[in-house]
Amino acid sequence: MPALPPPVLSPRRRTRQIKVGSVGVGSDSPISVQSMTTTLTSDVNATLQQIAELTATGCDIVRVACPSQDDADALPAIAQKSQIPVIADIHFQPKYVFAAIDAGCAAVRVNPGNIRKFDDQVKEIARAAKDRGTSIRIGVNAGSLDKRIMDKYGKATPEALVESAVWEASLFEEHDFHDFKISVKHNDPVVMVRAYELLAEAGDWPLHLGVTEAGPAFQGTIKSSVAFGHLLSKGIGDTIRVSLSAPPVEEVKVGLQILESLNLKPRRLEIVSCPSCGRAQVDVYKLAEEVTAGLEGMEVPLRVAVMGCVVNGPGEAREADLGVASGNGKGQIFVKGEVIKTVPESMIVETLIEEAMRLAEGMEPVEGSEASVSVS
Ligand code: SF4
């Protein structure tokens, strides 16, 4: 009998389905992970190099900024050579929306709040996007909310963000254009969560989740995990971008980990390690770090337990595919619940890595990951 898929907290909210190039976005598709390049888009080689790194990390869709004509000129080469769909990110200048569509970008992100006379141009944008099969993201952002809405609400409340998004959605729909997703980003996870909940009730649009300007890696990871976790656990969210003041590959790693934690993406390597305490008879932090580093890049769904003593050690180690319970200067190595050997403390890391590689050889890489097992 085929194994049942792992349980999730809620079924996905039903949405219409759109395409961002080859990637489906909506409730019929897996939740995708996005990031954004930090290179000058006009530097085609540097941008493609960063996109390649993002692709190797597991990014599904990449966004590039397009603030100048030089950047717009670079879009055709980037869109053509990128291994994953490229979204052009457009603020202020409507002419770049059309340039990005002409360039063959998979999608265009528009910020209706700061594109000059945006509403008057929706008809043209919808027609051009439809002709080229380009999808759109209506990207409403707390920091650049439409003046009319700001005048009405005074600040970027959840209701204000949603009113702006729903209004823009209605304009596209009036022009018979339906291939768009929506985001309503705010830097405060509480406001952001409420905005997405309201938006999810207002229509069947696929939703792109993001906490904007979430901060440096530690704070941004927590804010995004809390906000996305809340929404995704209710089935809300079809594509995600974790915004960090950190290299974009870190955003992808966090995004993937959030989805894996909620069983919304197959789990790859998972290290189960104890927090250590006064009973620990080994340096658990060092051990867990060394094992994690040694297994980095492994794409198989292997669960490795690294435990500091015999209280929970043998139990957790037994539940995992591979594990160690440490004590008295030694490590009991477990494979599939059985103790296969006991090694001196100095050999624990080496033995775990060796056994992990042996187990990985007989396992299928997780779907969507790099095809081969690579251990650095
Ligand atoms: S496994 Fe042992 S060392 Fe680790 S937290 Fe539990 S009791 Fe402490």
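**Figure 1. Glu-316, sitting in helix α11 (residues 313-319) of this predicted model.** Glu-316 has a relative accessible area of 30%, so we call it partly exposed. Setting aside residues up to four places away in sequence, Glu-316 touches Val-272, Arg-303, Ala-305 and Met-307. It's also one of the positions that UniProt, in an unreviewed entry, lists under "binding site"; the others there are Cys-274, Cys-277 and Cys-309.

**Figure 2. Cys-277, in the loop between β11 and α10.** Here's another residue from that UniProt "binding site" list. Cys-277 comes out as partly exposed, because its relative accessible area is 42%.

**Figure 3. Helix α10 (residues 284-294) and its buried residues.** Tucked away here are Val-284, Leu-287, Ala-288, Val-291 and Gly-294. Look down the axis of α10 and these buried residues fall within an arc of 135°, so they line one face of the helix. On the face turned away from the buried side, α10 carries Tyr-285 and Glu-289, both exposed. The N-terminal end of α10 is capped by Asp-283, with a side-chain oxygen 3.3 Å from the backbone nitrogen of Tyr-285.

Figure 4. An unreviewed UniProt entry gives "domain: IspG C-terminal" for residues 270-356. In the model, residues 270-356 are 31% helix and 32% strand, with the end C-alpha atoms 12 Å apart.

**Figure 5. Helix α3 (residues 94-102), another helix with buried residues to look at.** In α3 the buried set is Pro-94, Tyr-96, Val-97, Ala-100 and Ile-101. Down the axis of α3, they fall within an arc of 155°, so they too line one face of their helix. Among the elements covering them are helices α2 (69-81) and α4 (118-132), plus strands β5 (86-90) and β6 (107-110). Just past the end of α3, check out Gly-104, which takes a positive phi of about 85°.

**Figure 6. Ile-222 in helix α8 (residues 217-232).** Ile-222 counts as partly exposed because its relative accessibility is 43%. Its C-alpha atom is 9.7 Å from that of Val-254, which is 32 residues away along the chain. Both residues fall in the range 15-255, which UniProt (unreviewed entry) lists as "domain: IspG TIM-barrel". Over residues 15-255 the chain is 47% helix and 18% strand, and 21 Å separates the end C-alpha atoms.

**Figure 7. Glu-260 in helix α9 (residues 248-261).** At 4% relative accessibility, Glu-260 counts as buried. Leaving aside neighbours within four places in sequence, Glu-260 is in contact with Lys-265, Pro-266, Arg-267 and Arg-268. As for the domain assignment, it gives domain 1 as 17-262 and domain 2 as 269-361. The C-alpha centres of domain 1 and domain 2 lie 40 Å apart.

**Figure 8. Residues 370-376, where the pLDDT is below 50.** The protein as a whole averages a pLDDT of 92, and 96% of the residues score at least 70. Where pLDDT is low, the predicted coordinates should not be read in detail.

Technical notes
Residues are numbered from 1 along each chain as its sequence is written. This is a predicted model: local features need pLDDT of at least 70, side-chain atom pairs count only at pLDDT 80 or more; totals for chains, interfaces and linings use all residues. Side-chain values use heavy atoms; hydrogens and water are left out. Buried means under 20% relative accessible area, exposed over 50%, partly exposed in between (1.4 Å probe, protein chains only). Helices (H or I, at least four residues) and strands (E, at least two) are DSSP runs, numbered from the N terminus. The arc is that of the directions from the helix axis to the C-beta atoms. A polar contact is a pair of N or O atoms within 3.5 Å; within protein, one must be able to donate a hydrogen and the other to accept it, and residues adjacent in sequence count only if both atoms are side-chain atoms. UniProt positions are given in the numbering used here, feature names are shortened, and annotations may be inferred rather than shown by experiment. pLDDT is the predictor's confidence in each residue, from 0 to 100. Contact means heavy atoms within 4.5 Å. Domain bounds come from an automatic or database domain assignment.
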